[in-house]
Amino acid sequence: MSCPDADLLIAGGGLAAQRCCETLRRLGFDGRIVVLCEEPSTPYDRPPLSKSVLIDEREPEGLSFRPASWYEEHDVELLLGVAAAELDLAERTIVLSERASAAGPGGRRDAGRMRFKELLIATGSRPRRLQGIPVGGAVHELRTHEDALLLRAALRERDGRLAILGAGLIGMEVAAAARALGREVTLIEAAETPLARVLPPALGSWIAYLHRLHGVDVRLATAVERVSLQEGSARLELSDASVLDAAGVLVAVGTSPATEWLASAGLGPGAIYTDAGGRTELPGVYAAGDAACFPDPFLKLPLPSQHWEAAVRQGVAVARSIVGLPPAPPAPSMFWSDQHGHRIQFVGHATPDCEIELDGDPATGESFAAWIARAGRPQGALLVDRPQSLPAARARIAGAEEPSVSSGEKSSDNNNHSKRGALWPAYR
Ligand code: FAD
């Protein structure tokens with residue numbers, strides 16, 4: 001069987017891969033680039049899948065980063081519908097597999113091998129599943145075009161409640177989209193507050209408050225113990241002994257790096273550790289995006305990110321390493337989310353013992369910023385409808401300003417105050 005060579009072989013055709021290709025060509029890299037794309041479409045943007053696509057403002061087909069002609073013009077070969085099935089390190093080859101329609105959905109057939117000089121692992125992540133809750137029929141997950149179309153059809157066509165398992169970013173964005181479409185929604189979260197791994201409880205509970213204001217039935221510190229599926233609907237038994245009937249269920253309990261195919265090479269499971277240039281411990285093998293774990297430049301710890309901006313930065317960092325350039329200057333991590341008409345941005349990090357200084361009043365539904373510090377040193381910021389404060393937030397956290405919570409922007413309504421507890425009416 002022939003085994004063609006790629007100078008750079010990229011496993012996974014998503015955001016990190018796209019930004020790596022664009023940067024390489026811009027920097028003058030003229031080697032052969034081949035991208036293995038498990039999905040049948042050219043690389044596309046995922047954030048709209050849980051937002052505008054669900055509420056019918058956008059068609060998923062329009063989300064491609066670039067038209068097909070861009071790949072021809074820039075000599076980037078996309079192998080659509082072809083997955084990396086195995087990494088053979090000794091031979092520096094990847095075993096390929098193709099979606100085999102005759103074998104049914106998920107069926108695979110051997111598609112040969114490809115040798116590489118350098119390899120970028122950019123296979124992203126997959127939704128975690130819950131034991132005893134198989135996805136299909138009334139039970140959804142959301143990662144791909146295909147998932148978004150199924151969920152959108154269910155939101156449009158089926159009456160009845162949507163039960164969302166997990167108050168992470170995707171669960172909460174879908175809750176907001178479903179409410180915008182007039183659906184009844186119950187959001188079930190095992191932790192005490194939404195986004196508990198990222199936000200301090202006081203800020204997480206503001207997000208729960210926002211959802212309740214918009215009619216979402218939020219059940220915190222509640223687990224799903226059993227789901228029984230009937231024809232087109234589900235009955236959920238919850239840890240507080242209540243029972244919930246739903247027309248649809250979305251499982252949104254986080255994601256795991258899609259690195260299972262690397263097991264035979266001794267990498268994974270889990271995110272692949274790299275240095276700041278995306279280099280793994282294996283020579284000529286890089287990782288970026290949701291599948292990678294870069295060192296956080298401010299915490300000085302390896303930190304998986306699984307957010308859009310990190311995938312962009314990391315794809316660029318790998319391209320720079322390949323052409324022998326150092327990584328661009330570091331920036332604090334950032335993600336954004338759109339919920340109930342609000343643009344929510346979070347920069348940096350927060351620890352449970354942080355101090356929070358407010359600029360604006362979260363209870364009013366107006367814009368506000370929560371500046372987060374620890375021992376007086378800026379650590380993070382939650383910005384709600386304050387995109388103009390993003391550069392200041394980044395600069396403060398990066399240490400460009402005096403490390404003091406009181407040095408931030410002052411609110412025009414003079415409503416600054418520091419608190420550690422709930423910042424708005426508490427509902428349970
Ligand atoms: P991906 O974009 O997931 O691309 C990986 C690609 O690799 C996929 O196409 C996958 O099918 C393919 N692949 C997997 N395994 C293989 C294999 N073995 N062989 C070949 N190909 C393979 N972040 C934010 O900051 N803000 C948001 O508002 C936001 N909203 C989001 C909404 C949704 C619905 C989703 C799913 C994500 C959202 N994100 C958001 C996260 C952001 O989109 C991701 O962090 C980003 O897409 C990661 O890029 P990536 O290139 O690592 O992975």
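**Ground rules.** I number residues from 1 along each chain as its sequence is written, and side-chain values use heavy atoms, with hydrogens and water left out. Since the model is predicted, I took local features only at pLDDT of at least 70 and side-chain atom pairs only at pLDDT 80 or more, while totals for chains, interfaces and linings use all residues.

**Helix α1.** I started with α1, residues 15-26 (helices are DSSP runs of H or I, at least four residues, strands are runs of E, at least two, both numbered from the N terminus). The 12 residues should span 16 Å at 1.5 Å a residue, and the end C-alpha atoms are 17 Å apart, which agrees (the expected span is 1.5 Å times one less than the number of residues). I found 10 of the 12 residues buried, so α1 is largely enclosed by the rest of the structure (buried is under 20% relative accessible area, exposed over 50%, partly exposed in between, with a 1.4 Å probe and protein chains only). The buried set includes Cys20, Cys21, Glu22 and Arg25. Just after α1, glycine 28 has a positive phi of about 90°.

**Helix α4.** Next I looked up α4, residues 169-180, which reaches 17 Å from its first C-alpha to its last, close to the expected 16 Å. Nine of its 12 residues are buried, among them Glu173 and Val174. The buried residues pack against α3, β9, β10, α5, β15 and β21 (contact means heavy atoms within 4.5 Å). Glycine 182 follows α4 with a positive phi near 85°.

**Cores.** Val174 turned up again in the largest nonpolar core, where Ile164, Val174, Trp206 and Leu382 have the most contacts among 46 residues (a nonpolar core is a set of buried Ala, Val, Leu, Ile, Met, Phe, Trp, Tyr and Cys joined through side-chain atoms within 4.5 Å). Helix α5 gives the most to this core, with seven residues. A second, separate core has 26 residues, including Ala6 and Met114. Back at Ile164, I listed its contacts beyond four places in sequence, and they include Val174, Val185 and Leu250.

I used a 1 Å grid over the protein atoms alone: a cavity is a set of points where a 1.4 Å probe fits but cannot get out, a pocket is an open set with protein on both sides within 12 Å along at least five of seven lines, and lining residues have an atom within 4 Å of a point. Points are joined across faces, edges and corners, and a volume is the space filled by probe spheres set on them. The second largest pocket has about 490 Å³. Of its 22 lining residues, Phe294, Pro295, Pro297, Arg313 and Ala331 lie nearest the centre, and α6 gives the most, with six. I counted one cavity of 30 Å³ or more. The largest cavity holds about 50 Å³, and its lining includes His140, Arg158 and Arg183. Helix α3 gives the most to that lining, with three residues.

I noted a cis peptide bond between glycine 268 and proline 269, omega about -5°; proline 269 sits in the loop between β16 and β17. Alanine 221 has a positive phi near 50° and lies in the loop between β11 and β12. At 33% relative accessibility, alanine 221 is partly exposed. Glutamine 306 also has a positive phi, about 60°, in the loop between β20 and α6. Its relative accessible area is 26%, so glutamine 306 is partly exposed.
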